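Please keep the sequence and the coordinates at hand while reading.

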Amino acid sequence: MSDSKPVVTRIAPSPTGSMHIGTARTALFNYLYAKHCGGQFLLRIEDTDRERSTEASVQVIFDGLAWLGLPFDGEVVFQFARAERHREVVLALLDAGKAYRCWLSGDALTDARDKAKAAGHALRSPWRDREPRPEDLAKPHAIRFRGPLNGDTVVRDLVQGDVTFRNRDLDDLVLLRSDGVPTYNLAVVVDDHDMGVTHIIRGDDHLNNAARQTLIYQAMGWDAPDFAHIPLIHGDDGAKLSKRHGATAVTDFATLGYLPEAMRNYLARLGWSHGDAELFSDADAIAWFDIANANKGAARLDWDKLNHVNAHYIRLADDSRLTDLVADVFAARGEPLDDARRAQALRTIPLVKERAKTILELADQLVFVFQARPIVLSEKALGLLTDETRARLVRLSDQLAATNDWSAEGLDSLLKAFAEAESVGFGKFGPALRAILTGGSASPDLHRTLASLGRDEAMARLNDALSPFA
RNA sequence: GCGCCCUUCGUCUAUCGGUUAGGACCCCAGAUUUUCAAUCUGGUAAGAGGGGUUCGACUCCCCUAGGGCGUGCCA
């Protein structure tokens, strides 16, 4: 590829289900590389499999890319809509003698394949060298590529290096099915060429296909783009990432409370690195990204590290945005937040956001403010309320009632002064106070808990628990 | 079976012939401490095995082992 050409990359998923996180990572690499080079990142929907492609899955891809924050350039290309163009190329190949009509199917096909294997080479149809009779033409048939029998095909891969295949191992693949629908390997080549794709960055499960596709480029007299085959993402046990690993789809990660910017950062570091950089902005990623620095080996998804990265971005996130996300979580749980609770959430999030690894955890850490009075104390909480502690909390309650500074800072001072005046550590009343205020759920530092509850609610909760002894 | 790819701490990775093999996550210890966390400090932990090449290999070559992908009229 000449350096003067603007870089064009693409992501080409097939709309046959959810958007796999591996596809997302591939999209990210394509996006980063294109932006790094000042080029374009295109989207093509590979919907030539009419059986499995669905409209809904197309939407999943749009939604997935949008959620991840990887906008594509230009118009989306639907592969199936270009079938005429694909057929045109196949016919050109046929005219040039680079392809042939083949009536092999069923058991005969299987036999031919077995025979070829036994002979030590990939499938060659007997029709490769047979002149079809006029009556054959009327019968349904496929069109196969006429692959070279000898020599090598070298795939010059930016990540894997030069990979050499013997042409005898590359089969005469079907270009056009007997129903007239073009196949993947043909359509990919035609589309990538027509779309001006200069760099194909994709999973290394396609490395073998690259050789076949290179042959098609050569047969058409087209320049092949640069290839970069990146390793797949595996689960924490080293096996290919699948459903049993807990999450495979982009939407799964969203549902589990991961932020898109965290996913971008984490995914970028999976199979690629820039020195010791771990947490970096999108701008840094774009400035640093070079496909040549991608790793060759497969990487395992590490939930602990993902959580760490996510926690980092939750801290950086805007509170009102987090409030929206948390509201979504509660709504999904069937407990939508009313305006009052929303306001409470917004007020409390700054106090708890630094302790949450996911949005789900963030939501859990908010429930203490939503507790309905009177709060039912657990047995453990009740156990903390000895007579001595009750008496002490009554004294504290009086001071709280009297203060006119209900800010977190003011309450912090008050609590500290109280502990000093009582000549005890926080341990003598803190746990009990917390239990009364929260019913036992996790909460931030006591002064912050009091502040986020607000004076009225906090005093009411205290009175609920202490009034019989006041 | 055949073809191709891969292999540094448990995990993600740095290293591009000469380093006490570095960083991050996890884990452990200490500090802090009003729950749970967070935070700070410190620590444990690695070149799959075997041959070469070289004054010198994690780094280059070969073999073996392990893992992955492909071997479709799926993509």
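Two strands are said to pair if DSSP finds at least two bridges between them. Helices (H or I, at least four residues) and strands (E, at least two) are DSSP runs, numbered from the N terminus. The model is predicted: local features need pLDDT of at least 70, side-chain atom pairs count only at pLDDT 80 or more, and totals for chains, interfaces and linings use all residues. Residues are numbered from 1 along each chain as its sequence is written, with chains lettered from A and ligands numbered from 1 in the order in which they are written.

**The three-stranded sheet**

Three strands form an open sheet in the order β1-β2-β3, with parallel pairing. The edges are taken by β1 (8–11) and β3 (77–78); each has a single partner strand, so one side of each is left without a neighbour in the sheet. Four bridges join β1 to β2 (residues 40–45) in the parallel sense. R10 has L42 of β2 as its bridge partner, and T9 stands opposite F41 in β2. In a regular strand the side chains alternate between the two faces of the sheet. In β1, V8 and R10 point one way and T9 and I11 the other, and all are buried. A residue counts as buried if 20 or more other C-beta atoms lie within 10 Å of its own, as exposed if 12 or fewer do, and as partly exposed in between, with C-beta atoms placed from the backbone.

**The nonpolar core**

A nonpolar core is a set of buried Ala, Val, Leu, Ile, Met, Phe, Trp, Tyr and Cys residues joined through C-beta atoms within 7 Å. The largest one has 113 residues, and L28, L175 and L362 have the most contacts inside it. Helix α1 (residues 21–36) gives the largest share of this core, nine residues. Not counting residues up to four places away in sequence, L362 touches I314, L322, V326, V352, K353 and A356; contact means C-beta atoms, placed from the backbone, within 7 Å.

**Helices α7 and α20**

Helix α7 (residues 207–220) has 14 residues and reaches 20 Å from its first C-alpha to its last, close to the 20 Å expected at 1.5 Å a residue; the expected span is 1.5 Å times one less than the number of residues. In α20, six of the eight residues are buried, and the helix is mostly covered.

| Helix | Buried residues |
|---|---|
| α7 | A210, A211, R212, Q213, T214, L215, I216, A219 |
| α20 | L446, T449, L450, A451, S452, L453 |

The cover over the buried residues of α7 includes α3 (83–95), β5 (142–145) and α6 (184–194). For α20, the cover includes α13 (339–352), α18 (408–422) and α21 (455–466). Just after α7, G221 has a positive phi of about 75°, and G454, which follows α20, has a positive phi near 90°.

**The surface near RNA strand B**

Of the 60 residues around RNA strand B, E46, Y184, G297, F426 and G430 come nearest; near means a C-beta atom, placed from the backbone, within 6 Å. Elements that each supply at least two residues of this surface include α4 (106–118), α7 and α20.

Terms used:
Contact = placed C-beta atoms within 7 Å.
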